[in-house]
Amino acid sequence: MKYISTRGKAPKLAFDDVLLAGLARDGGLYLPETWPTFSKAEIAAMKDMSYTQVAVKVMAPFVEGAVSIEDLTRIVNDTYAVFEGDDPAPLVKLGENEYVLELFHGPTLAFKDYALQFLGRMFDHVLAKRGAKLTIAGATSGDTGSAAIEACRDRDAIEIFILHPAGKVSEVQRRQMTTVLSDNVHNIALRGNFDDCQNTVKALFADEPFRDAVHLSAVNSINWARIMAQVVYYFWAALKVGAPETPVSFAVPTGNFGNVFAGYVAKQMGLNINQFVVGSNANDILIRFIETGRMESKGVVETTSPSMDIQISSNFERFMFELLDRNASDLVALMDEFKTTGKFSVTPAFMNRLKTLVDGERFDDAATAKLIGDVYKQSGYLLDTHSAIGVGAARARRQNSAIPMVALATAHPAKFPDAVKAASGVHPALPEFLSDLYERKERSVTLDNSFDAVKGYIETTLKERAKL
Ligand SMILES: *Cc1c(COP(=O)(O)O)cnc(C)c1O
C-alpha cells in the first residue's frame, strides 16, 4: 500500500514513512492511494472475532509491504491489553435502536487512547527496526497531553516533552500527566498560558538545527496511523448491531474531524453505514459549513467540552479531498484561499454530495447540560459533556428510526466531573485503576516562559539520558 498527499506535490510513501512523517512535505495529509475493500462475506466472517482480531483484519491492508502480519498482531495485542475489561469498546443500549459505544476504557479515559496507544507502539517498532530515535514535543491545554504521555511512556526509542500552562489545567488533567514517572517522560509546567506553550513548541520545530539534532516529531491528530486505528471500532460496533445484514448509523462529537473521517473510511471499505451525524459545541465551524457551504474561522470560545474547542478542523482536508474526487489542485486552491482570507466557499454540487454523507447539529453548554440530565433521568446512564453532544446530534438528526444509531462516547464522565455533576446532580467516580490518582507522586519541572529555557532543558535532559 502506498500513500499520497492531499496537496499532490509530496512523494508517495509506504506506511512506515507516512507514520514518521506525520504531515506531508507539501503541507498536505497522507491518504492511501486506494481504499481496500471487504466483501459482505468477509465482513460476516468478522462476527466471531475478538476486538484485536478485527483490528488486525481491518488494519492489515493499510500496513501491507511495511509491517508484517506477525508484527501488526503483536502490536495490536499489546495495545489493547492495557485497556480495562474484556471488551475494549463495549456497546451499551440506551433505547430502541439507540446505542452508546464506550470509547473511554483506555489509560486516560478518552477515545484518543485507542489510536495513540497503538501509535506509540508502532513508532517504537518502526524506529527500532531502523535503529533510530525520536523526541516528541507537544503543548497541551490539558487533555491530549496525557494521552500522548501514556502512549509514549517506557518506549525505548522515544523521549517525550509535554508543555502545559502552570496552574492553568485542572487537577485531574495535571495529575494524569505528572504522575507518569517513566524515565522517558518529561512534563514542563510553563509560567504562561496555553498559547505560550504552543508558541514555544512551534518555535522548537522552526529551529532547524535543533529539530534535526534531536529528531523532533509530534503525535498530532493528522497522523494517518491514528485514523487507521479508529476505523476498527466502527466495524466492531456495526458487527454487534447486525452488520453486514443490517445497516447502521453513527453519531460523532467532533473537533478535528479525525474520528468521523475514520467512519467514512470504514464506509469506503464496504461497511453499510446509513448516516453520519456530527455534533459540535459552540465552536461550530463544521456545522456552519454544512448549513451554508462557507468555511469561515472565528475565534475559539471556551466550553464545557474543551476537547472540541477548535478553530478549524485539521482532518477535514482529507474529506474535502475525497469529495473533490481527489483533485489536489482544486483542494490547494481552496486551502490557499482559506490561508489568505480565512474563508472559502464550495459549489452547490459539492454541498449536495457532502449532505448525502454527513449531517450535524450544535449544542451550547446549556443544551449539553440538559442532555446529560435528560439521558440520566430517562436511562440512568451518565454521559460526559462530549458524549452528550453525540447523543444529542443523533436524536436531532436521525432519519430512520428502524436503523440502529450508535453514538460514540468519547470520554468517561469522571474526566469532566464538575460539568457532569452540575448537569446531573451525580458526582462521577474515577474507575478503580485511577482511584488513587490524588495520592500518587507527581514529577514535573516549572520553567519560565522563555524559548531558551525550554530548549536548554530539553538539551540537558537528552544529554543526561545519553540521547544527544
Ligand atoms: C479529541 C476529542 C474529540 C474530537 O475528536 P476529533 O477526532 O478531533 O473530531 C471529541 N471528544 C473527546 C473527548 C476528545 O478528546
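Residues are numbered from 1 along each chain as its sequence is written. In this predicted model, local features need pLDDT of at least 70 and side-chain atom pairs count only at pLDDT 80 or more, while totals for chains, interfaces and linings use all residues; side-chain values use heavy atoms, without hydrogens and water.

An open sheet of mixed pairing is formed by six strands in the order E4-E5-E15-E10-E11-E14 (strands are DSSP runs of E of at least two residues, helices runs of H or I of at least four, numbered from the N terminus; two strands pair if DSSP finds at least two bridges between them). Its edges are strand E4 (91-95) and strand E14 (358-362), each of which pairs on one side only. Between neighbouring strands the average turn is 25 degrees, direction ignored (axes are lines fitted to C-alpha atoms, for helices over the stretch in contact, and angles run from 0 to 180 degrees between N-to-C directions). Strand E5 (residues 98-102) runs antiparallel to E4 and is joined to E4 by four bridges; Tyr-99 in E5 is the bridge partner of Lys-93.

The largest nonpolar core comprises 117 residues, of which Phe-15, Trp-224 and Phe-235 touch the most other members (a nonpolar core is a set of buried Ala, Val, Leu, Ile, Met, Phe, Trp, Tyr and Cys residues joined through side-chain atoms within 4.5 Å; buried means under 20% relative accessible area, with a 1.4 Å probe and protein chains only). Helix H10 (residues 224-240) gives the most to this core, with 14 residues. Apart from this core lies another of 23 residues, including Val-100 and Phe-104.

Technical notes:
Buried means under 20% relative accessible area, exposed over 50%, partly exposed in between (1.4 Å probe, protein chains only).
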